[in-house]
Amino acid sequence: MLQELDQGLFLWLNQFHQSNIDSLMVFATEKWTWLPWYGVWIFWLGYRYRWRLLPWLICLALLITLADQISSGFTKPFFERLRPCHEQSLQGLIHLLIPNCGGKFGFISSHAANTAVLAAWLITTVLKKNPVLQTIWVLWALLVSYSRIYVGVHYPGDILAGWILGITLAFGLKYCLVQWSIPVSGLYKNA
(Lines give C-alpha, C1' and ligand atoms only; values in the text may rest on other atoms or scores of the structure.)
Protein backbone atom coordinates (compact mmCIF):
# COMPACT_ATOMS: atom_id res chain seq x y z
CA MET A 1 0.00 0.00 0.00
CA LEU A 2 2.80 2.46 0.86
CA GLN A 3 4.52 1.65 -2.44
CA GLU A 4 1.34 2.47 -4.39
CA LEU A 5 0.89 5.74 -2.47
CA ASP A 6 4.51 6.67 -3.10
CA GLN A 7 4.21 5.85 -6.81
CA GLY A 8 1.00 7.86 -7.09
CA LEU A 9 2.54 10.87 -5.35
CA PHE A 10 5.65 10.53 -7.51
CA LEU A 11 3.62 10.50 -10.74
CA TRP A 12 1.58 13.48 -9.56
CA LEU A 13 4.70 15.51 -8.63
CA ASN A 14 6.66 14.41 -11.69
CA GLN A 15 3.92 15.59 -14.06
CA PHE A 16 4.41 19.25 -13.11
CA HIS A 17 7.22 19.86 -15.54
CA GLN A 18 7.70 23.02 -17.51
CA SER A 19 10.20 23.35 -20.31
CA ASN A 20 11.37 26.69 -18.92
CA ILE A 21 12.47 25.11 -15.61
CA ASP A 22 13.63 21.71 -16.87
CA SER A 23 17.21 22.96 -17.28
CA LEU A 24 17.16 24.47 -13.76
CA MET A 25 16.11 21.12 -12.29
CA VAL A 26 18.77 19.23 -14.24
CA PHE A 27 21.31 21.81 -13.03
CA ALA A 28 20.08 21.47 -9.42
CA THR A 29 20.24 17.66 -9.44
CA GLU A 30 23.81 17.35 -10.74
CA LYS A 31 26.20 16.52 -7.91
CA TRP A 32 29.08 18.72 -9.16
CA THR A 33 26.86 21.79 -9.66
CA TRP A 34 27.15 22.84 -6.06
CA LEU A 35 30.95 22.72 -5.63
CA PRO A 36 31.32 26.51 -6.06
CA TRP A 37 28.51 27.05 -3.52
CA TYR A 38 30.30 24.80 -1.01
CA GLY A 39 33.61 26.50 -1.76
CA VAL A 40 32.18 29.95 -1.02
CA TRP A 41 30.76 28.71 2.27
CA ILE A 42 33.97 27.00 3.35
CA PHE A 43 35.92 30.13 2.45
CA TRP A 44 33.50 32.32 4.43
CA LEU A 45 33.55 29.99 7.43
CA GLY A 46 37.35 29.71 7.21
CA TYR A 47 37.64 33.49 7.13
CA ARG A 48 35.31 33.79 10.10
CA TYR A 49 36.66 30.97 12.27
CA ARG A 50 40.21 30.41 10.96
CA TRP A 51 41.91 27.27 12.32
CA ARG A 52 38.96 26.58 14.66
CA LEU A 53 36.99 25.42 11.61
CA LEU A 54 39.04 22.23 11.21
CA PRO A 55 37.25 20.08 13.86
CA TRP A 56 33.91 21.29 12.52
CA LEU A 57 34.90 20.27 8.97
CA ILE A 58 36.05 16.86 10.24
CA CYS A 59 32.63 16.37 11.83
CA LEU A 60 30.94 17.47 8.60
CA ALA A 61 33.04 15.03 6.56
CA LEU A 62 32.12 12.26 9.00
CA LEU A 63 28.42 13.14 8.73
CA ILE A 64 28.39 13.24 4.93
CA THR A 65 30.33 9.97 4.76
CA LEU A 66 27.88 8.32 7.15
CA ALA A 67 24.82 9.67 5.30
CA ASP A 68 26.21 8.57 1.96
CA GLN A 69 27.33 5.11 3.10
CA ILE A 70 24.12 4.37 4.98
CA SER A 71 21.96 5.47 2.05
CA SER A 72 24.01 4.02 -0.81
CA GLY A 73 26.08 1.31 0.82
CA PHE A 74 23.45 -0.17 3.13
CA THR A 75 19.83 0.73 2.42
CA LYS A 76 19.82 0.61 -1.38
CA PRO A 77 21.21 -2.95 -1.61
CA PHE A 78 19.25 -4.03 1.48
CA PHE A 79 15.80 -2.86 0.35
CA GLU A 80 16.41 -3.27 -3.41
CA ARG A 81 13.64 -0.81 -4.23
CA LEU A 82 13.79 0.08 -7.91
CA ARG A 83 14.10 3.70 -8.90
CA PRO A 84 11.00 4.94 -10.74
CA CYS A 85 13.02 5.21 -13.95
CA HIS A 86 13.85 1.48 -13.69
CA GLU A 87 10.29 0.42 -12.83
CA GLN A 88 8.81 -1.25 -15.91
CA SER A 89 5.21 -0.45 -14.95
CA LEU A 90 6.02 3.28 -14.96
CA GLN A 91 7.78 3.43 -18.33
CA GLY A 92 6.08 5.97 -20.56
CA LEU A 93 4.48 7.71 -17.56
CA ILE A 94 7.64 9.36 -16.25
CA HIS A 95 9.05 12.69 -17.33
CA LEU A 96 12.72 11.58 -17.29
CA LEU A 97 15.14 14.45 -17.88
CA ILE A 98 18.53 12.82 -17.47
CA PRO A 99 19.89 10.04 -19.68
CA ASN A 100 21.51 8.09 -16.84
CA CYS A 101 19.04 7.78 -14.00
CA GLY A 102 21.57 6.28 -11.60
CA GLY A 103 21.91 2.86 -10.06
CA LYS A 104 19.14 0.32 -10.11
CA PHE A 105 17.90 1.01 -6.57
CA GLY A 106 16.85 4.31 -5.03
CA PHE A 107 15.83 3.91 -1.40
CA ILE A 108 17.24 6.02 0.40
CA SER A 109 18.12 9.06 -1.74
CA SER A 110 21.79 9.90 -1.19
CA HIS A 111 21.22 13.40 -2.57
CA ALA A 112 18.49 14.00 0.03
CA ALA A 113 20.49 12.47 2.90
CA ASN A 114 23.65 14.42 2.04
CA THR A 115 21.93 17.77 1.54
CA ALA A 116 19.83 17.31 4.69
CA VAL A 117 22.83 16.41 6.83
CA LEU A 118 24.80 19.39 5.49
CA ALA A 119 21.94 21.85 6.02
CA ALA A 120 21.09 20.46 9.47
CA TRP A 121 24.74 20.54 10.59
CA LEU A 122 25.12 24.15 9.48
CA ILE A 123 21.83 25.16 11.09
CA THR A 124 22.55 23.45 14.42
CA THR A 125 26.08 24.80 14.68
CA VAL A 126 27.28 27.94 12.92
CA LEU A 127 23.93 29.31 11.69
CA LYS A 128 21.81 28.72 14.79
CA LYS A 129 21.26 32.45 15.33
CA ASN A 130 20.75 33.41 11.68
CA PRO A 131 17.24 32.56 10.43
CA VAL A 132 17.86 34.09 6.99
CA LEU A 133 20.84 31.82 6.26
CA GLN A 134 18.99 28.87 7.80
CA THR A 135 16.13 29.48 5.38
CA ILE A 136 18.52 29.69 2.43
CA TRP A 137 20.07 26.32 3.33
CA VAL A 138 16.68 24.65 3.84
CA LEU A 139 15.46 26.00 0.49
CA TRP A 140 18.66 24.79 -1.18
CA ALA A 141 18.21 21.29 0.30
CA LEU A 142 14.54 21.27 -0.74
CA LEU A 143 15.45 22.31 -4.29
CA VAL A 144 18.07 19.59 -4.66
CA SER A 145 15.73 16.99 -3.14
CA TYR A 146 12.70 17.94 -5.23
CA SER A 147 14.86 17.99 -8.36
CA ARG A 148 15.37 14.24 -7.87
CA ILE A 149 11.61 13.68 -8.19
CA TYR A 150 11.29 16.22 -10.99
CA VAL A 151 13.94 14.57 -13.16
CA GLY A 152 12.34 11.16 -12.53
CA VAL A 153 14.90 9.27 -10.47
CA HIS A 154 13.45 9.13 -6.93
CA TYR A 155 10.14 8.56 -5.20
CA PRO A 156 9.02 11.06 -2.53
CA GLY A 157 9.53 8.32 0.09
CA ASP A 158 13.17 8.02 -0.95
CA ILE A 159 13.56 11.75 -0.37
CA LEU A 160 11.70 11.78 2.96
CA ALA A 161 13.79 8.88 4.26
CA GLY A 162 16.95 10.69 3.16
CA TRP A 163 15.90 13.80 5.03
CA ILE A 164 15.11 11.79 8.16
CA LEU A 165 18.49 10.08 7.97
CA GLY A 166 20.43 13.31 7.39
CA ILE A 167 18.68 15.33 10.08
CA THR A 168 18.96 12.47 12.59
CA LEU A 169 22.70 12.15 11.98
CA ALA A 170 23.36 15.90 12.31
CA PHE A 171 21.28 16.35 15.44
CA GLY A 172 22.61 13.09 16.88
CA LEU A 173 26.25 14.14 16.47
CA LYS A 174 25.54 17.59 17.88
CA TYR A 175 23.74 16.05 20.87
CA CYS A 176 26.60 13.62 21.54
CA LEU A 177 29.25 16.34 21.31
CA VAL A 178 27.32 18.55 23.73
CA GLN A 179 26.62 15.66 26.14
CA TRP A 180 30.23 14.58 26.10
CA SER A 181 31.38 18.20 26.46
CA ILE A 182 33.50 17.92 23.33
CA PRO A 183 33.84 21.36 21.79
CA VAL A 184 34.02 21.46 18.03
CA SER A 185 36.35 24.45 18.03
CA GLY A 186 33.80 26.52 19.94
CA LEU A 187 31.76 27.11 16.79
CA TYR A 188 28.54 25.87 18.28
CA LYS A 189 29.08 27.12 21.83
CA ASN A 190 25.97 28.98 22.95
CA ALA A 191 24.66 28.72 19.41
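Residues are numbered from 1 along each chain as its sequence is written, and side-chain values use heavy atoms, with hydrogens and water left out. Because the model is predicted, local features need pLDDT of at least 70 and side-chain atom pairs count only at pLDDT 80 or more, while totals for chains, interfaces and linings use all residues.

**Helix packing**

Two packed helices are described by the angle between their axes and the distance between the axes. Helices are DSSP runs of H or I with at least four residues, numbered from the N terminus. Axes are lines fitted to C-alpha atoms over the stretch in contact, and angles run from 0 to 180 degrees between N-to-C directions.

| Pair | Angle | Axis separation |
|---|---|---|
| α6 and α7 | about 150 degrees | 9 Å |
| α3 and α6 | about 155 degrees | 14 Å |
| α3 and α4 | roughly 145 degrees | within 10 Å |

Helix α6 spans residues 131–150 and helix α7 residues 156–179. Their packing angle makes α6 roughly antiparallel to α7, a term for angles over 145 degrees. The crossing of α6 past α7 is right-handed, that is, the near helix is turned clockwise from the far one by less than a right angle. Residues V138, A141, L142, S145, R148 and I149 of α6 meet P156, I159 and W163 of α7, where contact means heavy atoms within 4.5 Å. By class, this contact of α6 with α7 has seven nonpolar, one polar and one charged residues. Ala, Val, Leu, Ile, Met, Phe, Trp, Tyr, Cys and Pro count as nonpolar, Asp, Glu, Lys and Arg as charged, and the others, Gly among them, as polar.

Helices α3 and α6 are likewise roughly antiparallel to each other. Here α3 passes α6 in a left-handed crossing, in which the near helix is turned anticlockwise from the far one by less than a right angle. W37, Y38 and W41 of α3 meet L133, I136, W137 and W140 of α6. The contact of α3 with α6 comprises seven nonpolar, no polar and no charged residues.

The axes of α3 and α4 cross at roughly 145 degrees. From α3, I42, L45, G46 and Y49 take part in the contact, and from α4, L53, W56 and L57.

**The largest pocket**

A pocket is an open set of points on a 1 Å grid over the protein atoms alone, where a 1.4 Å probe fits, with protein on both sides within 12 Å along at least five of seven lines; lining residues have an atom within 4 Å of a point. The largest pocket has a volume of about 820 Å³, taken as the space filled by probe spheres set on the points, which are joined across faces, edges and corners. Its lining holds 35 residues, with K31, W32, Y38, H111 and N114 nearest the centre. Elements giving two or more residues to the lining are α2 (19–29), α3 (35–49), α4 (53–79), α5 (110–124) and α6. The largest share, eight residues, comes from α4. By class, the lining has 20 nonpolar, nine polar and six charged residues.

**Backbone features**

The peptide bond from F107 to I108 is cis, with omega near 20 degrees, and I108 is placed in the loop between α4 and α5. R50, in the loop between α3 and α4, has phi near 55 degrees, a positive value in a residue other than glycine.

Methods. Angles under 35 degrees count as roughly parallel, over 145 as roughly antiparallel, 65 to 115 as roughly perpendicular and the rest as oblique.
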